[in-house]
Amino acid sequence: QVQLVESGGGLVQAGGSLRLSCAASGLTFSRYSMGWFRQTPGKEREFVAGISRSGGITHYVSSVKDRFTISRDNTRNTVYLQMVSLKPEDTAVYYCAAANTKLDAIVRHSSEYDFWGQGTQVTVSS
C-alpha cells in the first residue's frame with residue numbers, strides 16, 4: 001500500500017530550472033528519511049540528495065551541491081527537489097525513495113531504502 005509518486009520532470013534547456021515533487025502515501029512519512037537518486041542507461045543508480053526525518057539535515061552529491069535543494073513538508077507528506085542551473089549531465093530518470101531510520105539523519109546508500117517511486121524523466125538540452 002506504500003506509494004511514492006514523482007512528478008515535475010520534463011525537458012528543459014541548459015541553465016533552466018525544474019522542481020520535482022514526490023508524494024508519499026501509506027506510510028508514516030515523518031519516520032522516514034527521504035532521498036533522490038538518478039540513473040542513466042548503463043550506469044548505476046546514483047545518490048543525488050538526502051534529507052533527514054525532520055528536514056534538519058541535508059546532503060548532496062558534490063556534482064549538484066549549490067544547484068539542487070532538497071526539502072520536505074511533513075504536513076503534506078511530500079519531498080521536493082528544486083533544481084537550478086541545470087546541465088546536460090543532469091539528464092537522467094530521477095527516483096524518490098524512503099528509508100525507515102532510527103536517527104534523524106540522511107541515508108546515502110540505495111540498499112538502505114525501503115520504498116521507491118517509479119521515476120520521472122529529466123532531460124536537459126545543450
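This is a predicted model: local features need pLDDT of at least 70, side-chain atom pairs count only at pLDDT 80 or more; totals for chains, interfaces and linings use all residues.
Biologist: Start with secondary structure. How many helices and strands does the chain have?

Modeller: Count the elements, then read their order. Here there are 0 helices and 11 strands. Along the sequence the pattern is β-β-β-β-β-β-β-β-β-β-β. The radius of gyration is 13 Å, close to the 14 Å of the globule rule for 126 residues, so the chain is as compact as a globular protein of that length.

Biologist: What box do the C-alpha atoms fill?

Modeller: Along the principal axes, roughly 40 × 30 × 30 Å. Then look at burial. Buried residues are 42% of the 126 in the chain.

Biologist: And contacts between residues at least 6 apart in sequence: what share join residues at least 24 apart?

Modeller: That share is 60%.

Biologist: Now the rings. How many aromatic pairs does the whole structure hold?

Modeller: The search finds 5. Read each by distance and plane angle. Phe37 and Phe47 sit 5.6 Å centre to centre with 80° between the planes, an edge-to-face pair.

Biologist: Which parts does the pair of Phe37 and Phe47 tie together?

Modeller: Phe37 is in strand E4 (residues 32–39) and Phe47 in strand E5 (residues 46–51), so the pair links parts 10 residues apart in sequence.

Biologist: Are Phe37 and Phe47 buried or exposed?

Modeller: Phe37 is buried, at 1% relative accessible area. Phe47 is buried too, at 11%.

Notes: Residues are numbered from 1 along each chain as its sequence is written. Side-chain values use heavy atoms; hydrogens and water are left out. Helices (H or I, at least four residues) and strands (E, at least two) are DSSP runs, numbered from the N terminus. The radius of gyration is taken over C-alpha atoms; the globule rule is 2.2 Å times the number of residues to the power 0.38. Buried means under 20% relative accessible area, exposed over 50%, partly exposed in between (1.4 Å probe, protein chains only). Contact means heavy atoms within 4.5 Å. Rings of Phe, Tyr and Trp (its six-membered ring) pair if their centres lie within 6.5 Å; planes under 30 degrees apart count as stacked, over 60 as edge-to-face and the rest as tilted.
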